[in-house]
Amino acid sequence: MSKRDYYEVLGVSREATEKEMKSAFRKSAKKLHPDVNPSPTAEDEFKELNEAYAVLSDAQKRQVYDRYGHAGLEGQGAGGMGGMDFTGFGLDDIFEQFFGGGFGGAGGGRNPRRPRKGRDVGHELSISFEEAVHGTTKDIDVERVEMCDRCNGNRAEPGTSPVRCTTCNGNGQVRTTRQTILGAMVQTQTCHTCQGTGESIPSPCMRCRGDGRIRQTRTLNVKIPAGIDTGNQIRLAGEGEAGSNGGPAGNLFVLVDVKPHKYFRRNELDVILEFDINMVQAALGTVVTVPTMHGDEEVTIAPGTQPGSVIKLRHKGVPNVRNNDRLGDQLVVVNVTVPKKLDNNQKEILRSLAETLDEDARPHEPEEKGFFETIRDIFN
């Protein structure tokens, strides 16, 4: 199988500078290294990339390649960085040798001793419709990792202290040197004895077993603001899991779920209530008492009220969760009920009424906005 052009492999032009080639190699190596690329062809592509850079980064080999191509390099050890296979090394090791720093900079930003923020914790809380409208406070039980109260996060049994790790001399890392045809190669790895902390614990804390943290269940009081809705989150800063190495605690996020109400429904800040009246009340008009989330209200039903009519009660809805002074409205959807059972006397009264009405059954001519459109507008 013929080899691809080395410039094509690196993705640079034949006039590319050493700096441009180095940058192209770093960029491609981060994508192709088998440690980070699960593709079955990643290892072969990475070897090809190594080989191309080994040639083009060497001024003498590049001159030969530019003049004679792949044929001119036969027998000169052009493949795989002078015959070496780097697929067994991590990216930090490769960049340490060729560019004087780890993957993404010296140390790779992975110092085990740096302060680390604790994990965020999630908790689901179910509340009633009324509690969501008016707000409330709730006690919740949260299981989380906290700083050990016996050793105060020191990891050592009280009366004792951590000591410097003798394996890494307190550095948290160990360096090993290997002789290769490229010279001495130095690898830096996290100390396996202290796991990078630089300290060993001769007498681990009996409560946390030398971890510095323990798992606890705490009861927290959560304030639920008025106007909250399903899917809203309440953030409690610093109430998540404890950090490590002196890092801050994480946060607690309370995810709210509002239970449905028997009668009321919510549409943003408005509350919707369907209210039944009989056909006589609809025809003659009346005054009815309607429940709201803020107490009962007397509502006037105008004579001739039609099914699906909507009566708006201003400022009887849900407060804005960010501005409680702003309230939505309550929309009362009027349902006109027709009796299913009548006694003889009632039937006779209705027959007499029917004879006085000049409206017979006939097709209905649609109005500009009919019943179904009104309902759709309310619930959408």
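Helices (H or I, at least four residues) and strands (E, at least two) are DSSP runs, numbered from the N terminus. The protein chain has 10 helices and 17 strands. This is a predicted model, in which local features need pLDDT of at least 70 and side-chain atom pairs count only at pLDDT 80 or more, while totals for chains, interfaces and linings use all residues. Residues are numbered from 1 along each chain as its sequence is written, and side-chain values use heavy atoms, with hydrogens and water left out.

Two totals describe the chain. Of its 380 residues, 36% count as buried, where buried means under 20% relative accessible area, exposed over 50%, and partly exposed in between (1.4 Å probe, protein chains only). Contact means heavy atoms within 4.5 Å. Among the contacts in the protein chain with a separation of 6 or more, 64% are between residues 24 or more positions apart.

Helix 3 covers residues 42-56, which makes 15 residues. From its first C-alpha to its last, helix 3 reaches 21 Å, close to the 21 Å expected at 1.5 Å a residue; the expected span is 1.5 Å times one less than the number of residues. Buried residues of helix 3 include A42, F46 and L49. The run from N50 through E51, A52, Y53, A54 and V55 to L56 is buried too.

The sheets come next. Strands of a sheet pair through backbone hydrogen bonds, either parallel or antiparallel. Here two strands pair if DSSP finds at least two bridges between them. Strand 1 pairs with strand 9 (residues 252-258) in the parallel sense, over 7 bridges. In this pairing V121 stands opposite L252 of strand 9.

Another open sheet, also with mixed pairing, is formed by 4 strands in the order 10-11-17-14. Strand 10 (264-267) and strand 14 (310-313) are its edge strands and pair on one side only. On average, its neighbouring strands are turned by 30° against each other, direction ignored. Strand 10 and strand 11 (residues 270-278) run antiparallel and are joined by 4 bridges. N267 stands opposite D270 in strand 11.

Strand 15 and strand 16 make a hairpin, joined through 2 residues. The two strands run antiparallel, and 2 bridges connect strand 15 to strand 16 (residues 323-327). P319 has L327 of strand 16 opposite it. N320 also belongs to strand 15 (residues 319-320). N320 is buried because its relative accessible area is 17%. Not counting residues up to four places away in sequence, N320 touches A226, L269 and R326. A polar atom of the N320 side chain lies 2.8 Å from the backbone nitrogen of R322.

Two loop residues show other levels of exposure. Q195 is found in the loop between strand 5 (183-190) and strand 6 (199-200). With a relative accessible area of 54%, Q195 is exposed. The C-alpha atoms of Q195 and Q173 are separated by 8.6 Å, although the residues are 22 apart along the chain. S203 sits in the loop between strand 6 and strand 7 (213-224), and counts as partly exposed because its relative accessibility is 30%. Leaving aside neighbours within four places in sequence, S203 is in contact with R155, A156, E157 and T160. From S203 to T160 there are 43 residues in sequence and 6.8 Å in space, C-alpha to C-alpha.

The last topic is the cysteines. How many disulfides are there? A disulfide is a pair of cysteine sulfur atoms within 2.5 Å, and by this rule the count is 0. For C148, the closest cysteine sulfur is in C205 at 3.7 Å, so it is too far for a bond. For C205, the closest cysteine sulfur is in C208, again at 3.7 Å and too far for a bond. C148 counts as buried at 1% relative accessibility, and C205 is buried with a relative accessible area of 1%.

Terms used:
A polar contact is a pair of N or O atoms within 3.5 Å; within protein, one must be able to donate a hydrogen and the other to accept it, and residues adjacent in sequence count only if both atoms are side-chain atoms. Axes are lines fitted to C-alpha atoms, for helices over the stretch in contact, and angles run from 0 to 180 degrees between N-to-C directions.
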